[in-house]
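Dear colleague,

I am passing on the structure we spoke about, and my notes on it follow below the display. Please read them alongside the sequence.

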Amino acid sequence: MQTETCDVAIIGAGPSGAIAASILADKGWHVKVFERQHFPRFSIGESLLPHCAEFIAEAGLMDAIEAAGFQYKDGAAFTMDGEYEDIYFPDKSTPGPGTIFQVQRDRFDKVLIDGTAAKGVEVSFGETVVSFSSESELADHAELIVKDEAGEERAIRSRFVIDGSGFGRVLPRLLDLETPSDQTKRRSCFKHVTDNIDHPDFDRNKILITVHPDDPQVWLWLIPLSNGLSSIGVVGKDEVIKQAGECPESRLDHYVRTSGLMGDVMANAVEARPANEIVGFSANVKNLYGDKYVLLGNAAEFLDPVFSSGVTIATKSASLAAKLIDEQLKGHSVDWENDFAVELKRGVEAFRACVNAWYDGLLQRLIFMDNRSEDMTRYFTAILAGYAWDESNPIVKDPKRFFRLMDALTKEDA
Ligand SMILES: Cc1cc2nc3c(=O)[nH]c(=O)nc-3n(C[C@H](O)[C@H](O)[C@H](O)COP(=O)(O)OP(=O)(O)OC[C@H]3O[C@@H](n4cnc5c(N)ncnc54)[C@H](O)[C@@H]3O)c2cc1C
């Protein structure tokens, strides 16, 4: 079998793989990326959060993203039972970028990986990683087996392997690292439309999240994109969404039609990309790292799409891991537990508390509360803008305590 060597081999060319590859290339390492699909390819996950702009900039890719003409984004709007509340990201409590973009992921992911390849990273498309060993015939090198579309296999020996394979979850499956998620099994149906929006109250610079009037556990997204397109989708318990129609299209249509403002805004929409669906997307793993490997983004854990945290967590994990890999390859000792796993989980736990509070109904009460304090709005806005690692924010410092206090407060308000 043909063999190749490099310093770092990366599985997957999504945002986590591209950001890690780019940062490592800037530090002078020989990096190869293996991607089983051909880009541009569709991916869900189109609403970005401002915090991820910091990791895109760290990877030296922000100019390319800014030049790509994506829809500007400065916040998020929520509707429930005829009420409307919008959150303006620059009002957040944490310093850092307050705006970002809503993106067609096929184009966004391609801009990131093309910018990475331009730095000399070798990116191979149509190549699927099929096996991993933390040892190889070359001392101190792990080994991946990669299969091309003709079925030809070759061995890649590298000093470190990054799994950025997203829902492919390559190393969790190969190394038996998967563990059940604590999230309920949910189903999401989504499509792209030419939106033809002429509703006077609609703000294209914000995503619109709608709580369904018949079931607060069901919510819909409307993400305005550039070129007159929008992404729309519904999320709810698997068994509930399944009963709403025969196919993804009819399930989604049912919820859009019956969702008040969202139905009005979508009145003239024309399908631009057929509906699709994804079921049971929440996932978790036993370990985030091990001998010569680390898991990034969705290859590690995925909670829920409600706060658009996926790409932010993916790019944060890439930034943390790339710095540690650089140190390790230079021969310095590295504390993967504290400087990667504990650090990453701090933000993930803040998002988890918010996701749980959303489905409990508490966060919905908080969003639509009449006399919310300015501080509370700033803290909450910071999380919605992706700043889930800032311990000066009480939601990050002690999420359970914060939501216990909020529970009492919102009940008093009611
Ligand atoms: C319904 C839904 C809505 C979402 N909405 C949002 C949102 O609005 N905002 C947000 O930030 N996030 C959202 N997400 C999450 C978002 O999609 C992911 O968090 C994000 O794409 C993760 O990036 P990644 O780089 O880890 O993985 P991915 O973007 O999935 O990239 C992984 C890449 O690895 C490749 N790969 C897989 N297996 C192999 C293999 N064996 N060999 C080689 N390559 C392989 C894949 O082809 C893919 O290109 C949503 C998720 C769901 C389910």
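How many nonpolar, polar and charged residues does the shell around the ligand have? The shell has 14 nonpolar, 16 polar and six charged residues, where Ala, Val, Leu, Ile, Met, Phe, Trp, Tyr, Cys and Pro count as nonpolar, Asp, Glu, Lys and Arg as charged, and the others, Gly among them, as polar.

Before the details, please note that this is a predicted model, in which local features need pLDDT of at least 70 and side-chain atom pairs count only at pLDDT 80 or more, while totals for chains, interfaces and linings use all residues. Residues are numbered from 1 along each chain as its sequence is written, and side-chain values use heavy atoms, with hydrogens and water left out.

**The ligand site**

There are 36 residues around the ligand, and Glu-35, Gln-37, Ile-44, Ser-47 and Val-311 come nearest (a residue is near a molecule if one of its heavy atoms lies within 4 Å of it). Helix H1 (15-26), strand S2 (31-35), strand S8 (128-133), helix H9 (297-300) and helix H10 (310-329) each supply at least two residues of this shell, and the largest share, three residues, comes from H10; helices (H or I, at least four residues) and strands (E, at least two) are DSSP runs, numbered from the N terminus.

**Elsewhere in the chain**

The count of salt bridges comes to 34, a salt bridge being a side-chain nitrogen of Lys or Arg within 4 Å of a carboxyl oxygen of Asp or Glu. One of them joins Lys-32 and Glu-122, whose closest N and O atoms are 3.0 Å apart, and this pair links distant parts of the chain, with Lys-32 in strand S2 and Glu-122 in strand S7 (residues 122-125), 90 residues apart.

Phe-39 and Pro-40 are joined by a cis peptide bond with omega of about 5°, and Pro-40 lies in the loop between S2 and helix H2 (52-58). Arg-169, a residue other than glycine, has a positive phi near 45° and lies in the loop between strand S10 (153-163) and helix H5 (170-174).

With best wishes
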